[in-house]
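I opened the notebook to write down, entry by entry, what I looked up in this structure.

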Amino acid sequence: MKMLFLLMGLFLLGSSEGVLAKSLTLKPKFLFQFGKQGSNKGEFVGPKDVAIDLSDRIYVLDEKRIQVFVSNGIYLAEFSSTNFVRPYALAIGRLGNIYVTDIEANCVHVFNKDFQYMQKFGSTGNGEGELYCPRQIAIGESENVYVVDWHNERVVKFNSVGGFLTNFVFPGSDIWGLAVNPEGVGR
Amino acid sequence: MSCRKNKENWVQNYDFQGNLLSEILTKSESHEQDIISKKSVLYDLTFYQGGFLIGSIEYFNTIHLYTPTNYLTQFGAYGNYPTQFKDPAGLTVNPQRDKLYVCDYKNNRVQAFSFELLTNSNGGNFIVNGGVYNSGDFTGDGCGDILVYCKGKKPNWLSAEDDEQTMAQAAILNVDHDELEEIIDIALPADWLFPGSFKVQKTLLGNSLGVFNSLVFCKGKQFKIARYWVDPLLIQNEVQEEKQIPISFRMGHIRASGDLNYDGNLDLILTQKQSVRVLLGPDYTNSQEITGLPKKLPGRVRAMYHEGYQDNVLVFQKGKRPAQGYFINSNFVATVGLQIPVTQRIRAMSGSIPVTQKRRTITMGSFMYQDPKIKGKRKFKVVGPR
């Protein structure tokens, strides 16, 4: 099995490279947890992905809905869409729009910051702007949307309203996810 | 654009035009084997502050930390306590990038973490009046702590203001950057005094986070495991779970422990003549022999530790010869023999020290051993960074 993770953007600044001496390590510290099994408020059925908006609110995607929590894990709201078939991953842009990939519907669902369903983009196929099993999603420079198009072995770049921009094709790859370095955005 | 088909697990950096900038080695330098198994999946990835990357490893229930070019460390284990996971999935950081949130898929929860940049210390000497019998990160501060017990009277580091107690006591010494920082008393199981022959020496789960440590107590010919819980936020210590081990001395002596098969249970290492066996949790009814060791064992089993990547290291010591370490994989096969330059009797292990093997420096645990030069008091030494 081959796996590829793509990190778009300038990932390393000269200064931070100097800090990363071999003798340093990161010490993890558990802060808190929230959620238990169930379909009531604040409960989950297999939480798959998490994203945080600029107001520090936590969005958690489970089987069919997205729940919103304040930064300490207290339940705030929830939303969903009848267009969801098998939502897989989510990302939030700087304007608060919520982008959700759907690995079975082969599209990206978009909600606005008030959790209203706005549109979906992408359809099944391997052409321009088409998707086949989209997995992770990330928002990059100028609110551009990067989607791992797993079955097509590529990453597809859309603009913030779903207009196709470009493909990055990696033949023979098995891409699961990607991350955008915030320090690389805008460069 | 670069795409290397033969490479099995990899993280690559691209610019926004799709040009390959660099790739992260998902291998630990100190380990031959790829730290991400073929069976596991690097599921999601995010950027933490300072240019660090954090990835979730789905089937191995761990979270990996990377620099922009190298694997750094990992934490996590299978289970449903804090810092344990059942298939970690998507993860992200907050806008300040100083908090990590992880979807814990089969536990139906989200866990939050923060990270602190630490430098390694050089260890140091310290004097205790009691036996050193365990090591691990009990206090959850990222530094190796040691567990000391004293039978019948107080250890000399306790404050004189405390009332005299006649029952056995145990305490944790927090070894932080060359110094003994604080002492935390342990609540022992109510009907079990702290054992005179306390032989198991290793923490169990999440020891890189310090949230879980397991202690094995014995009384007569019975053994009991207590899962010892330290809440790093509330500094509350309690025994979370106790379990009787159906073990008889015919099976051999318990020498060390660790989670060899990554099932979230403490496995016990037993020695019997020239064989080393693993007694497997959760019920300890199954035992497996460790294969791949030399026919004549390189000494007594002294300790075992888990260094963050997949294999545990089992340490043997004979007389005043340097200790020998073996990587034990999850199939209970010992693979590489390492010479460890410690000739004093090793009592406990934690953290890392560099060990040179085949002109290559790799990292091993730090060793707490007894210095016989000081009489009356026991002087122990922590070797190496952390």
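**Entry 1: a loop residue in chain B**

I began with B:Thr83, which I found in the loop between strand S7 (77-78) and strand S8 (84-85) of chain B; strands (E, at least two residues) and helices (H or I, at least four) are DSSP runs, numbered from the N terminus. The phi of B:Thr83 is near 75 degrees, a positive value in a residue other than glycine. Is B:Thr83 buried or exposed? I noted that B:Thr83 counts as buried because 25 other C-beta atoms lie within 10 Å; the rule is that a residue is buried with 20 or more other C-beta atoms within 10 Å of its own, exposed with 12 or fewer, and partly exposed in between, with C-beta atoms placed from the backbone.

**Entry 2: what kind of model this is**

I reminded myself that this is a predicted model, in which local features need pLDDT of at least 70 and side-chain atom pairs count only at pLDDT 80 or more, while totals for chains, interfaces and linings use all residues. Residues are numbered from 1 along each chain as its sequence is written, and chains are lettered from A and ligands numbered from 1 in the order in which they are written.

The predictor gives the complex an ipTM of 0.88 and a pTM of 0.64. For chain B I wrote down an average pLDDT (the predictor's confidence in each residue, from 0 to 100) of 65, with 45% of the residues scoring at least 70. Within chain B, confidence is highest in strand S10 (residues 100-104), at a mean of 97, and lowest in strand S29 (residues 360-371), at 45. Over residues 152-168 of chain B the pLDDT is below 50, and this stretch has 20 contacts in the model beyond near neighbours in sequence; two residues are in contact if their C-beta atoms, placed from the backbone, lie within 7 Å. I keep in mind that where pLDDT is low, the predicted coordinates should not be read in detail.

**Entry 3: the two chains in outline**

I recorded 0 helices and 30 strands for chain B, and 1 helix and 15 strands for chain A. Buried residues make up 51% of the 386 residues in chain B, and 44% of the 187 residues of chain A count as buried.

**Entry 4: the cores**

Which of its 74 residues touch the most other members? They are A:Val60, A:Leu90, A:Tyr99, A:Ile137 and A:Val147. Leaving aside neighbours within four places in sequence, A:Val60 has contacts that include A:Phe44, A:Ile66 and A:Phe69, and also B:Cys103 and B:Val110. Apart from this core lies another, of 30 residues, among them B:Val278, B:Leu280, B:Ala303 and B:Phe316.

**Entry 5: a covered strand in chain A**

I then turned to strand S9 (residues 107-111) of chain A, where 5 of its 5 residues are buried. A:Cys107, A:His109 and A:Phe111 lie on one side of S9(A), with A:Val108 and A:Val110 on the other. In general, side chains in a regular strand alternate between the two faces of the sheet.

Strand S8 (residues 98-102) of chain A runs antiparallel to S9(A) and is joined to it by 5 bridges; two strands pair if DSSP finds at least two bridges between them. A:Val108 is the bridge partner of A:Thr101 in S8(A), and A:Phe121 in S10(A) is also a bridge partner of A:Val108. The hairpin of S8(A) and S9(A) has 4 residues between the strands, and A:Asn106 there takes a positive phi near 55 degrees. S9(A) and S10(A) form a hairpin with 5 residues between them, where A:Phe115 in the turn has a positive phi of about 70 degrees.

Strand S5 (residues 62-66) of chain B is joined to S6(B) by 4 bridges, and B:His64 has B:Gln74 as its bridge partner in S6(B).

Methods: A nonpolar core is a set of buried Ala, Val, Leu, Ile, Met, Phe, Trp, Tyr and Cys residues joined through C-beta atoms within 7 Å.
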